[in-house]
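Me: I have a new model open and would like to go through it piece by piece. Can we start with the terms and then move to the details?

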Amino acid sequence: MNFQNLLLEQPETGVYLLTVNRPRALNALNAATLAELTQAIAAVVADSAARVLLLTGAGEKAFVAGADIGEMQSLTAAQAQAFSEAGMRVMHALEALPVPAIALVQGYALGGGCELAMACDWIIAADSAVFGQPEVNLGIPPGFGGTQRLARLVGRARALELVTTARQVRADEALAIGLVTQVVPAAALRDRGLELARTIAAKAPVAVRLAKQAVHRGLDVDLGNACAQETAAFALAFASADQREGMRAFLEKRSAKFSGQ
Ligand code: CAA
């Protein structure tokens, strides 16, 4: 697919690498980029051979420095509502992506950039990463889900502190508060992402998809219903060829060859 503001590549079988590619604007998210992100995510959803999506930003300086301030400055309230809804659609689509989505964050992940990273299933940070929700400096609150996903990831008090002060958080603090799962040298970020993607791609594809769905759906409901959903996912896996192959391979003391069926 040809995009103006994105690169969508498949560096390895089943592994998609999606790069927000507006480095001169530090990869800021304008309406056109949001529309392209929606299309790119839909293309990954449509590929039943997809196993993992890695999401990053072009250049060393920024993952994504936020929603495009130049484009936002003259929005009316009604236009701002539509812009927020377009951003929310992208974030929801990432979360609902059937396969794991992993953000590889180097440099600034601010505002909409922090929100984009948090909409992925987890974040690997380069040691150069800087996270923050600086919207209150601009006279607005976050608008692409930052108040909600940050609170769910780091807790209400920390989220409120960060959102109301616009304080930026470096990679080591992001690791300590649970915003990211690991920190790697900037030069190793892409390789670490690919290594992780390879590990996931080698697992039973149906099981990986069911596990992701169970975690996300379960977090939206009470524990009893969440566990009932897990039971349904567990049972469904027993209708797959991969379950038979995975268990047979274990008992025969060999590596499983998963078909994704
Ligand atoms: N929107 C539009 N353009 C942006 C941008 C943004 N969010 N962030 C950076 N840029 C542009 C700059 O305007 C500049 O363009 P020019 O070269 O044409 O002047 C270019 O990217 C480089 O940026 P700087 O010169 O500012 O680089 P710096 O190293 O001095 O600073 C920075 C880097 C600290 C990230 C700074 O650019 C910055 O503070 N950016 C804005 C961060 C921000 O406030 N993000 C939140 C946006 S609001 C939002 O996201 C709302 C939401 O929740 C949906």
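Reply: Helices (H or I, at least four residues) and strands (E, at least two) are DSSP runs, numbered from the N terminus. In those terms, Ala166 sits in the loop between helix H6 (156-165) and strand E9 (169-170). Note that this is a predicted model.

Me: How many helices and strands are there in the chain?
Reply: The chain has 11 helices and 10 strands.

Me: And what is the radius of gyration of the chain?
Reply: It is 19 Å. A compact globule with 261 residues would have a value near 18 Å, so the chain agrees with that. The C-alpha atoms fill a box of roughly 60 × 40 × 35 Å along the principal axes.

Me: What share of the residues is buried?
Reply: Buried residues are 44% of the 261 in the chain. The accessible surface is about 13,200 Å², and carbon and sulfur atoms account for 57% of that surface.

Me: What about contacts, how many join residues at least 24 apart?
Reply: Counting contacts between residues at least 6 apart in sequence, 67% join residues at least 24 apart.

Me: Charges next. How many positive and negative side chains are there?
Reply: There are 23 positive and 24 negative side chains, with the centres of the two sets 5 Å apart.

Me: Let's look at a lysine. Where is Lys212, and is it buried or exposed?
Reply: Lys212 is in helix H9 (residues 205-219). Its relative accessible area is 9%. The limit for buried is under 20%, so Lys212 counts as buried.

Me: What lies 3.3 Å from a polar atom of its side chain?
Reply: The backbone oxygen of Leu94 does. Leu94 is also one of the residues in contact with Lys212 once neighbours within four places in sequence are left aside.

Me: Which residues of H11 are buried?
Reply: In H11 (residues 241-251), these are Asp242, Gln243, Glu245 and Ala249. The buried residues of H11 pack against H9 and helix H10 (223-237).

Me: What comes after H11?
Reply: Lys253 lies in the segment after H11. Its phi is positive, about 55°, although Lys253 is not a glycine.

Me: OK. Is Lys253 buried or exposed?
Reply: Lys253 counts as exposed, because its relative accessibility is 76% and the limit for exposed is over 50%.

Me: Changing topic: how many residues of H4 are buried?
Reply: In H4 (residues 112-119), 8 of the 8 residues are buried, so this helix is largely enclosed by the rest of the structure. They are Gly112, Gly113, Cys114, Glu115, Leu116, Ala117, Met118 and Ala119.

Me: Which residues touch Leu150?
Reply: Met118, Gln133, Gly155, Ala159, Leu162, Val163 and Leu179 touch Leu150, not counting residues up to four places away in sequence. Leu150 is in helix H5 (residues 146-154) and is buried, with a relative accessible area of 2%.

Me: How far is Leu150 from Ala80?
Reply: The C-alpha atoms are 21 Å apart, and the two residues are 70 apart in sequence.

Me: Now a strand. Where is Leu54?
Reply: Leu54 is in strand E3 (residues 52-57). Leu54 is buried, with a relative accessible area of 1%. Leaving out residues up to four places away in sequence, Leu54 touches Val15, Tyr16, Leu17, Leu18, Ile102, Leu104, Gly193, Leu194 and Ala197.

Me: Last one. Is Thr33 buried or exposed?
Reply: Thr33 counts as buried, at 0% relative accessibility. This residue lies in helix H1 (residues 31-46). Apart from neighbours within four places in sequence, Thr33 is in contact with Asn5, Leu6, Val20, Arg22 and Ala28.

Notes
Residues numbered from 1 in each chain as written. Predicted model: local features only at pLDDT ≥ 70, side-chain atom pairs only at ≥ 80, totals over all residues. Heavy atoms only, no water. Rg over C-alpha atoms; globule rule 2.2 N^0.38 Å. Buried < 20%, exposed > 50% of the residue type's maximum accessible area, 1.4 Å probe, protein only. Contact = heavy atoms within 4.5 Å. Areas by Shrake-Rupley, 256 points an atom, 1.4 Å probe, with all protein chains shown as cover. Lys, Arg positive; Asp, Glu negative; His and termini not counted. Charge placed at Lys NZ, Arg CZ, Asp CG, Glu CD. Polar contact = N/O pair within 3.5 Å; in protein donor to acceptor, adjacent residues only side chain to side chain.
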